[in-house]
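Morning, everyone. Let me put the structure up, and then we'll go through its cavities and its interface.

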Protein chains: 2
Amino acid sequence: MTKQDKSFQADAGLGKALDLLRQPTAQQQPLPKSLTAQGIGEEAALSLLAPYVFGEASYLDSPTALAHMDPPTPWITWATSLWNARLNQNLLHPATAPFARQAEEIVMAWLAPWFGMQGGHMCSGSTLANLTALWAARDAGKVDQIIASTSAHISIAKAANILGLPYKQVATNAMGQIDPAKVSELGDLSNACLVLTAGTTATGVIDNLALVGKAKWTHIDAAWAGPLCLSEKYAGLLAGMELADSVAVSAHKWLFQPKDSALVMFRQLELANLAISFGGGYLAAPNIGVQGSRGAAAISLLATLLAWGKGGLAQRIEQTMSMSHTLAEALQQETDVILLAMPTTGVTVFRPTNISTEQLYQRLPAGMLSTCIVEGEDWLRSVAANPMADMDKIIDAIRKALP
Amino acid sequence: MTKQDKSFQADAGLGKALDLLRQPTAQQQPLPKSLTAQGIGEEAALSLLAPYVFGEASYLDSPTALAHMDPPTPWITWATSLWNARLNQNLLHPATAPFARQAEEIVMAWLAPWFGMQGGHMCSGSTLANLTALWAARDAGKVDQIIASTSAHISIAKAANILGLPYKQVATNAMGQIDPAKVSELGDLSNACLVLTAGTTATGVIDNLALVGKAKWTHIDAAWAGPLCLSEKYAGLLAGMELADSVAVSAHKWLFQPKDSALVMFRQLELANLAISFGGGYLAAPNIGVQGSRGAAAISLLATLLAWGKGGLAQRIEQTMSMSHTLAEALQQETDVILLAMPTTGVTVFRPTNISTEQLYQRLPAGMLSTCIVEGEDWLRSVAANPMADMDKIIDAIRKALP
């Protein structure tokens, strides 16, 4: 006899969770100060939490949200996240994830060729994807130092620290692109891993990809701009990427996936996998990559790719790119605004001339823009990750906020 | 004007996703061979995928599933995973996750004291939690080697490799517990990190926690057995844990959470955080830990703790512990079975005497048990992670499969 624990069964409360998502209630009741001895039950817990979860959230699909490299997510990924939580498959073990593992293979086979890579695996974010690639660079590529520009993401410095490798930073031009002359000055790169950034955090610029192949191992941190290769219109921006040894891409950025979803890909997959695999003899399949047990993020990505096709994905990327051009062109008309440069990958950076950047930031609706530092100066930054943004409203709000 | 992209809005198809979850359809249609140019739309994509996702899944809540350290998940976590996917908050940035960050602080404040720790953070699995702790041991604890038993999880060897630290393995007793005499023989541990396992992968045994504090840094990999500290009945098994420097626990194991959910906790939180924080000046809040952008797993855990309370969680842990005792007692009655030992943390290991372990395994329903290797010999292994298991059915199936 088994005790049928209703907490583990599809319950009518799931419908209520959907109702709360569609029409969140506002009235917050206090949360307990510590872990209570007795619970309040599932439905009461959802009712108690909903006003916090939905009431104190950042709405990435708001018409005025164009601030961060965090997109809203298509509802099909909400549905598949529900499915994933229900099944709780473990990608580590073939026995506990028969189709979920296959889904990851499918997604990788569909996507890796566009990046010029043989294949790879998914992991929980691009910081891990970068760490994984640099781990492979150290152990498969036998590099003994990591080189990147001063505009590279902090995850590169972090990976170098974790891996115990010396980290050299190279100066950039005013836009934040690595300076090829400074790379040449470093001399012999035959034991170095050169990290190029495709879409820097601050200005979204892409490093000169003619540098790919100049070092023993070239890794491209394409966390932000990588998906542009799926757009015929913009793929040229990433020409040369196919010669890199590894590429990291955040699926939870421009592939519109929920958090904890990234791709790490290698040009020579077997070579890389050999260096980053553990427990071949112990597990039914070797544990490849930094993580062990992990979930089925691939199912959400597969669902999105099925629903949209390459065309639907490219259309949304191109639409957000066009939003950044619209914004930049409008800002060019303003006499009291300096535009750093025309955006190349959806990131528009500007500042006011009559008030401080911080003052203008404070006058704008919350979540509309973010700030960044370029060459020691404060700038406003807009990232076009939200296909639901209303550019008229955003441009209007900026105009009204200018003195 | 904004184009209202219905792919990003709560759609009637969400109800269909719930229907497919409750009553999966069986008929599989072929999946495309490559990324198609045009998509088929969200509802068609869900209908196409459901027979694969649900038809080729491992059902962890099956009455006969008692094989792996992978539990079924309570439905409240399916609901919150839906919410998390919809909001896509980024725990890295206060601005993009106002309540989600607070939820993690709440969960940590509620749980860490039970483990004797000051606090910590969540990450995508215990492999990352172990890596994070050993990174802190290296850089805050200034250790220059890692020591663990031959029964330690492969993530410890992997972390040592990634961190570039020498890794020493110590012999165990027949049950797989680290041999304290062999630890003493190592001599000076004043620059070493000693990793003790609370719930080994193979047999679920807990290392002798009297060894905590014998090295410069002691880390407890409590991925599996850590949550026992929330049960008054079993907390004593973990006595001494509170003196460790760091503890890693998988929330997606005995805390019944969906995948990609773990806790890394430290006794001296500030000391540890200093060593594993990056970008203090660049981000609004420093990026603590291995990951960068990450999702709101804490909301699912908070919802579960609210719904169940400490009592409800402890009751389910104790219930599964009792399942393993029931199984072991039944196996003791069988003359053709050798029980390795009485289970201490829900892991029951045994083998048949008249046929091979593999033969018995093949005769049992798929997903009922797993296999493991202890001292070079093959054994059958049952892990009591499924509160929905039917012990009568499981014991009956084993009896029928024995020759």
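What volume does the largest cavity have? About 540 Å³. Before the details, the ground rules. This is a predicted model, with local features needing pLDDT of at least 70, side-chain atom pairs counting only at pLDDT 80 or more, and totals for chains, interfaces and linings using all residues. Residues are numbered from 1 along each chain as its sequence is written, chains are lettered from A and ligands numbered from 1 in the order written, and side-chain values use heavy atoms, with hydrogens and water left out.

Back to cavities. A cavity here is a set of points on a 1 Å grid over the protein atoms alone, where a 1.4 Å probe fits but cannot get out. Points join across faces, edges and corners, and volume is the space filled by probe spheres set on them. The search of the whole structure finds 11 cavities of 30 Å³ or more.

The largest one has 28 lining residues, meaning residues with an atom within 4 Å of a point. Nearest its centre are K259(A), D260(A), S81(B), K259(B) and D260(B). Helices are DSSP runs (H or I, at least four residues), numbered from the N terminus. Two or more lining residues come from each of α3 (75–87) and α9 (297–333) of chain A, and from α3 and α9 of chain B. By class, the lining holds 8 nonpolar, 16 polar and 4 charged residues. Asp, Glu, Lys and Arg count as charged; Ala, Val, Leu, Ile, Met, Phe, Trp, Tyr, Cys and Pro as nonpolar; the others, Gly among them, as polar.

Now the interface. 132 residues of chain B contact 132 residues of chain A, with contact meaning heavy atoms within 4.5 Å. How much area is buried between the chains? About 11,700 Å², 65% of it from carbon and sulfur atoms. Buried area is the accessible area (1.4 Å probe) lost when the two parts are put together, summed over both. F8(B), W75(B) and W83(B) supply 9% of chain B's share, more than any other three residues.

Last, charges. There are 4 salt bridges between the chains: a side-chain nitrogen of Lys or Arg within 4 Å of a carboxyl oxygen of Asp or Glu. One salt bridge joins R316(B) to D5(A), at 2.8 Å, N to O.

Key
1 Å grid on protein atoms, 1.4 Å probe; cavity = no way out; pocket = protein on both sides within 12 Å on 5 of 7 lines; lining within 4 Å.
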